[in-house]
Amino acid sequence: MLEPSELAEAFARNVGVIQAQTEGLSHADSLLQLPFRGNCLNWVLGHLLDNRDDVLKALGAQRIMNDNSAALYRRGSAPIASSTTELLLLQDLLEQLVQSQERLSGALGRTTEADMTREIVRNGNTTTLGKLVFFLYFHETYHVGQTELLRQLAGKNDQVI
């Protein structure tokens with residue numbers, strides 16, 4: 001099992017990748033939709049925040065997003081459009097990701113090995129806190145990888161990492 005500090009570093013690395021992939025992009029760029037089924041960068045970033053809120057909740061820390069905003073970015077939600085109410089601006093999403101990292105690092109810094117092996121129930125399934133946090137980290141990495149393609153959709157013909 002990864003140590004909590006190692007998980008904090010891994011989550012922080014993801015924020016760094018996101019910052020690199022969004023460098024030079026505008027809010028309008030973040031709303032560009034793929035020509036096939038998928039989600040725009042704005043949705044992906046909001047979804048990452050919602051996922052991080054799940055991690056924070058599991059660790060007993062305060063969430064970042066309010067319920068109305070979070071609902072826009074949950075699995076199965078409608079595609080984001082510029083007219084969507086409660087839509088978060090790209091800059092706000094990026095700032096909240098940094099805030100979430102600060103909270104995650106703090107919460108994981110207070111988490112012990114005994115905490116990580118504690119059994120919890122989520123969605124009717126029993127697991128450990130450590131396994132849940134690692135799964136949510138894995139889920140995050142899946143979406144962080146999408147940011148490279150969404151950067152290119154915005155017309156950037158580059159390789160930032």
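Mentor: One definition before we start. Buried means under 20% relative accessible area, exposed means over 50%, and partly exposed lies in between. Also, this is a predicted model.

Trainee: Then where does R63 fall, buried, partly exposed or exposed?

Mentor: R63 has 23% relative accessibility.

Trainee: Which residue forms a salt bridge with R63 at 3.5 Å?

Mentor: D53 does, with 3.5 Å between the closest N and O atoms. The pair links distant parts of the chain, 10 residues apart. D53 sits in helix α3, residues 41-58. R63 is in the loop between α3 and α4, the latter being residues 67-72.

Trainee: And D53, buried or exposed?

Mentor: D53 is buried, because its relative accessible area is 0%.

Trainee: What about D54, how far apart are its closest N and O atoms with R63?

Mentor: They are 3.9 Å apart, and D54 and R63 form a salt bridge. The cut-off is 4 Å, so that pair counts. D54 is partly exposed, at 23% relative accessible area.

Trainee: Which residues are linked in the network of salt bridges?

Mentor: D50, D53, D54, R63, R74 and R122.

Trainee: How many salt bridges does the count come to?

Mentor: The count is 8. One of the pairs is R151 with D158, at 2.8 Å from N to O. R151 is buried, with a relative accessible area of 5%. D158 is partly exposed, at 30%.

Trainee: Let's zoom out. How many helices and strands does the chain have?

Mentor: The protein chain has 7 helices and 2 strands. Read along the sequence, the pattern is α-α-α-α-α-α-β-β-α.

Trainee: What radius of gyration does the chain have, and what would a compact globule have?

Mentor: The chain has 16 Å. A compact globule of 161 residues would be near 15 Å, so the value agrees. Along the principal axes, the C-alpha atoms fill a box of roughly 45 × 30 × 25 Å.

Trainee: What share of the residues count as buried?

Mentor: 43% of the 161 residues do. The chain exposes about 8700 Å², and carbon and sulfur atoms supply 50% of that area.

Trainee: And contacts? What share comes from residues 24 or more positions apart?

Mentor: They account for 69% of the contacts with a separation of 6 or more.

Trainee: New topic, helix α1. How many residues has it, and what does it reach from first C-alpha to last?

Mentor: Helix α1 covers residues 4-22, which is 19 residues. It reaches 27 Å, close to the 27 Å expected at 1.5 Å a residue.

Trainee: Which residues in α1 are buried?

Mentor: Among them are P4, L7, F11, N14, V15, I18, Q21 and T22. The cover over the buried residues of α1 includes α3, α5 (90-109), α6 (113-117) and α7.

Trainee: What follows α1?

Mentor: G24 follows, and its phi is positive, near 80°.

Trainee: Last one, the surface. Which residues form a nonpolar patch there?

Mentor: L2, F134, F135 and F138. Together they have about 380 Å² of accessible area.

Trainee: Where does F135 lie?

Mentor: F135 lies in helix α7, residues 129-153. Its relative accessible area is 45%, so F135 is partly exposed.

How values were computed. Residues numbered from 1 in each chain as written. Predicted model: local features only at pLDDT ≥ 70, side-chain atom pairs only at ≥ 80, totals over all residues. Heavy atoms only, no water. Patch = residues over 30% accessible without salt bridge, like charges linked within 9 Å, V, L, I, M, F, W, Y side chains within 5 Å. Areas by Shrake-Rupley, 256 points an atom, 1.4 Å probe, with all protein chains shown as cover. Salt bridge = Lys/Arg side-chain N within 4 Å of Asp/Glu carboxyl O. Helix = DSSP H or I, 4+ residues; strand = E, 2+ residues; numbered from the N terminus. Buried < 20%, exposed > 50% of the residue type's maximum accessible area, 1.4 Å probe, protein only. Rg over C-alpha atoms; globule rule 2.2 N^0.38 Å. Contact = heavy atoms within 4.5 Å. Expected span 1.5 Å × (residues − 1).
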